[in-house]
Every structure is written in structure tokens, then in C-alpha cells.
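Morning, everyone, and thanks for coming.

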Amino acid sequence: MPKAYVFTRYGGPETEALVEQDRPSPGPGQVLVAVRAAGVNPVDWKQRTGYARPGAGARELPAVLGNEVAGVVEELGPDVTGFTVGDEVFGNPVAGGYAEYALLPTSVTAHKPAALSFTDAAALPIAAATAYDGIHQLGLPSGATVLITGAGGGVGVAATQIARALGLTVVGVASEGKKDFVEELGAVHVPSGPDLAERVRAAAPDGVDAVFDLVGGEVLEAAATLPDDRTKLITGADRETAARLGGGPVERARTAAVLDEVARLVVGGRLRPFVTGTFPLDRAAEALRTVEDGHARGKIVIEVAR
């Protein structure tokens with residue numbers, strides 16, 4: 001039977017297990033994909049603890065972990081058009097992606113360009129798409145300055161590159177250990193820690209036009225003091241704090257069109273997925289701990305052998 005990495009109840013890592021499950025069958029508007037790679041994101045472990053996006057229903061347990069995959073279409077659901085068996089695709093699964101098979105809704109599934117590997121494609125539907133949505137939501141003109149907190153993580157790495165491709169100056173907040181990495185992306189590095197706002201002002205004496213927060217909490221509180229226009233304060237990590245400060249969340253499009261755009265950026269050489277670690281499915285626990293512990297640079301991907 002196909003294998004999947006699940007959490008059996010809400011809680012910590014002790015709730016996770018590699019199990020065998022029946023191969024799922026696609027419903028209307030869905031495709032069944034033989035997974036070749038699955039991206040690992042902070043939202044994965046947060047969902048294990050009980051987090052759910054606003055408006056999302058309760059998950060049936062055990063639940064498969066993971067929110068982005070790349071693979072090969074094996075079966076079409078009723079009323080599916082635009083896809084055929086054998087197509088190489090990537091997107092957001094219906095109910096988990098750390099598995100040998102996953103169901104994808106065609107509304108958030110894109111054809112994978114031949115020049116894009118499965119591993120790199122699996123790193124795009126959450127991190128790169130969130131980054132793309134956020135940077136375009138800010139709507140800054142070329143030459144403006146954006147502060148990105150969490151610049152060394154999966155979304156931050158993509159956001160920095162997309163911003164630079166649009167001609168923006170980027171100030172990236174990350175740990176001192178990620179300084180060289182952040183600067184390699186073309187950002188001005190500012191170390192995280194106390195007195196953050198003062199260090200950002202020193203690094204960007206002409207001011208910051210917008211903030212793209214990916215950390216939340218005290219970091220977001222400090223960053224919010226920098227832009228004059230709080231409508232240019234968005235977060236992918238702490239919508240409650242952002243709302244209190246006059247900002248808002250990243251408005252996710254969650255469309256195949258955005259996936260097509262980020263894939264074009266990668267193929268065109270303007271966006272590197274920066275997959276810095278890969279793990280087989282039977283080591284999914286290690287992959288998730290790397291992200292949950294906050295030590296990952298760039299993206300971590302689970303590769304599924306066929």
C-alpha cells in the first residue's frame with residue numbers, strides 16, 4: 001500500500017507517523033498525482049498543533065502533512081480538463097503532500113516546465129507563491145525600499161529575489177549566521193535581535209517604504225514603526241498583530257496562474273528556489289524538524305522515490 005507521513009492527533013512531533021494508506025481517488029475537479037517531491041514549510045508543523053487558516057474546516061485525523069507537491073498525473077477526476085495522464089505538474093494538495101500519492105485541485109495545479117526539476121517545482125506553491133503575492137500586493141515602484149523580516153527562510157528568500165527583480169531595494173532581517181546568504185540574494189542584511197528598528201534605520205537612512213513580515217511578534221512590532229504608510233505593512237506570520245498595528249495579511253491568490261508566473265521566473269533565471277536540503281519520505285520527520293527548529297536556510301524538500 002502507498003505510504004504517507006501523517007499526524008494522528010494535534011500536538012508535537014510525537015503525534016507523527018509513517019503509515020500505509022489506500023491510494024486516494026480523485027473527485028470532481030481533482031487529479032491524482034504520483035508525488036515525486038514535497039516541499040516542507042512552517043505551516044506544516046503549525047497545522048499539526050491545531051492551526052487552521054481562517055475559514056478552513058476541521059481536518060479529519062490522521063491527516064497527511066504537507067502543502068505543496070510536484071509529480072506526475074496518474075488519474076483524472078470527473079469534469080477535469082486541461083490535464084492528461086502523464087502530465088508533470090506541481091501545486092497545492094487537497095489534504096497533504098508527504099506521501100506517495102496526493103490529490104490536487106486543478107484550480108491550484110500548474111504544468112511543470114521541462115526545464116524545472118520536480119524538487120525545485122515542489123518548493124514553489126507555498127513559499128514562492130506567497131512571496132509573489134505579497135510583493136505584488138505592496139505595489140511598490142522601482143527604486144522603493146522594502147524591509148523583509150525572516151529573509152533567510154523559504155518565503156523570505158523568494159520574496160527578496162522577486163523584489164530585486166522588480167527593481168526594489170531590499171533590507172533583509174535574518175540571524176547573523178545567515179548574513180552571507182541574505183547578501184548573496186542582493187539584500188542589505190540587518191541582524192535580528194533587540195533594537196531592530198534602530199539598526200534598520202542605520203542600514204536604510206532614506207527610510208523604508210514597506211514591510212513584508214514573515215516572523216511576527218516582537219519583530220513585527222519593531223518593523224511596524226518604520227514605514228509611514230501602515231497599509232504597506234503586510235505579514236505572512238501574524239495577522240492579528242498586523243491588524244492591530246494598522247497592517248494586514250498577505251492576500252493569497254491561490255491560483256494556477258500565479259504558479260505559472262513563479263515557474264517562469266525560475267526558468268528565466270530570476271528566481272532560484274534555493275533548495276538547501278532534501279530527505280527521502282522515510283526521513284520526513286528529520287525534514288520537518290529542520291524547518292520546525294528554525295535552522296533551515298532556503299527550502300527543505302522531501303523526495304519520493306518511484
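Let me start with a question: how many bridges join β12 to strand β13? There are three, and the two strands, with β13 covering residues 233-235, run parallel. Keep in mind that this is a predicted model. Within that pairing, Val211 has Leu233 in β13 as its bridge partner. To get from β12 to β13, the chain passes through helix α7, residues 217-223, and this β-α-β crossover is right-handed.

β12 has another parallel partner, β9, again over three bridges. Here Ile148 stands opposite Phe212 of β12. Now look at the side chains: in a regular strand they alternate between the two faces of the sheet. In β12, Ala210 and Phe212 point one way, Val211 and Asp213 point the other way, and all are buried.

Next, helix α4, residues 154-165. Its twelve residues reach 17 Å from first C-alpha to last, close to the 16 Å expected. Nine of the twelve are buried, so α4 is largely enclosed by the rest of the structure. Among those buried residues are Val155, Thr160, Gln161 and Ile162, and the buried set packs against several elements, including α3, β9, β12 and α9. Just after the helix, Gly167 takes a positive phi of about 85 degrees.

Finally, there's an open sheet of three strands, ordered β2-β1-β4, with antiparallel pairing. β2 and β4 stand at the edges with a single partner strand each, so one side of each is left without a neighbour in the sheet. β1, residues 3-7, pairs with β2 over five bridges, and Lys3 has Glu20 in β2 as its bridge partner.

Thanks, and I'm happy to chat!

Conventions
Residues numbered from 1 in each chain as written. Predicted model: local features only at pLDDT ≥ 70, side-chain atom pairs only at ≥ 80, totals over all residues. Heavy atoms only, no water. Helix = DSSP H or I, 4+ residues; strand = E, 2+ residues; numbered from the N terminus. Expected span 1.5 Å × (residues − 1). Buried < 20%, exposed > 50% of the residue type's maximum accessible area, 1.4 Å probe, protein only. Contact = heavy atoms within 4.5 Å. Pairing = 2+ DSSP bridges. Right-handed = clockwise from strand over helix to strand, strands pointing away.
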